[in-house]
Amino acid sequence: MKYLSFLIFLIILQGCSSPVPVKRNFPQAPGVLLEPCPPSLKSLNSGAKLSDVATTIVENYTTYHECAIKNKTWIEWYQNQKKIFEEVK
Amino acid sequence: MWIVHWLPSWVFYGLLGISIVIFGITYFLRFIPLPFLYTYKIPIQIATVLVASISIYLLGARANEEHWLAKVRELEAKVAQAEAKSQEENVRVVEKIVVQNRVVRERGQDVVRYVDKEVVKYNNVCEIPGVFIDAHNKAVEGVK
């Protein structure tokens, strides 16, 4: 009787186990977004001419615009991925 | 719960049915021409009640298990759908950033070509003072 009650107790305890098999990870960002912006902008050499100044400024503005696009896209990517992630319930 | 996976449902239904039938039979033991059986009436009844209870419990556990497995399958389908959607979003983002960066670079190159063609004419007219270059270079420096 002692062994029987132990067996019943064991079976009842088995009924309590409830594993959670579905595991989810937040998606990995695309490599393009993970590339950092250039560490510094272009500076002028002493004795630079007007055209050098204009070219350097244009190149720096281009770098800024590229980084601004990356930043804007990062925000958009995160918001969309968060929405997709939270849709699954 | 291993026992629920290991044994098929009909085993639990069978055990439940048999235990109910045996429990019913115990009330007619006195009419069976085996007198020693009647002495075991109470232990047999206890055993059949136990077997019936365990069978019902395991049937419930199996039903619960199937319910949760269905939910898991449903969730897995949703997760797969979300992953596909997420992948599509990644592709869209990469395409967008590549196109926009190309436009920005092309515009920059156009302006540089314009500078080389038009602004270069004023190189000798407009001398750039050293203080201007210093101010520009100071502004260019980032946070170290």
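**The interface of chains A and B**

Between them, chain A and chain B bury about 3900 Å², with 70% of this on carbon and sulfur atoms; buried area is the accessible area (1.4 Å probe) that two parts lose on being put together, summed over both. A:Val22, A:Leu50 and A:Ile69 supply 14% of the area that chain A buries against chain B, more than any other three residues. This is a predicted model, in which local features need pLDDT of at least 70 and side-chain atom pairs count only at pLDDT 80 or more, while totals for chains, interfaces and linings use all residues. Residues are numbered from 1 along each chain as its sequence is written, chains are lettered from A and ligands numbered from 1 in the order in which they are written, and side-chain values use heavy atoms, with hydrogens and water left out.

In terms of contact (heavy atoms within 4.5 Å), 47 residues of chain A meet 41 residues of chain B.

The polar part of the interface comprises 13 residue pairs in polar contact, both at pLDDT 80 or more. A polar contact is a pair of N or O atoms within 3.5 Å; within protein, one must be able to donate a hydrogen and the other to accept it, and residues adjacent in sequence count only if both atoms are side-chain atoms. On chain A, helix H1 (2-14), helix H2 (31-34) and H3 each supply at least two residues of the side that touches chain B. H3(A) gives the most to that side, with 21 residues. Helices (H or I, at least four residues) are DSSP runs, numbered from the N terminus.

Helix H3 (residues 50-87) of chain A packs against helix H4 (residues 41-117) of chain B at an angle of about 170°, their axes being 9 Å apart. H3(A) and H4(B) are therefore roughly antiparallel to each other, a term for angles over 145 degrees.

Four salt bridges are counted between chain A and chain B, each a side-chain nitrogen of Lys or Arg within 4 Å of a carboxyl oxygen of Asp or Glu. A:Glu76 and B:Arg92 form a salt bridge through their side chains (2.6 Å, N to O).

Terms used. Axes are lines fitted to C-alpha atoms, for helices over the stretch in contact, and angles run from 0 to 180 degrees between N-to-C directions. Angles under 35 degrees count as roughly parallel, over 145 as roughly antiparallel, 65 to 115 as roughly perpendicular and the rest as oblique.
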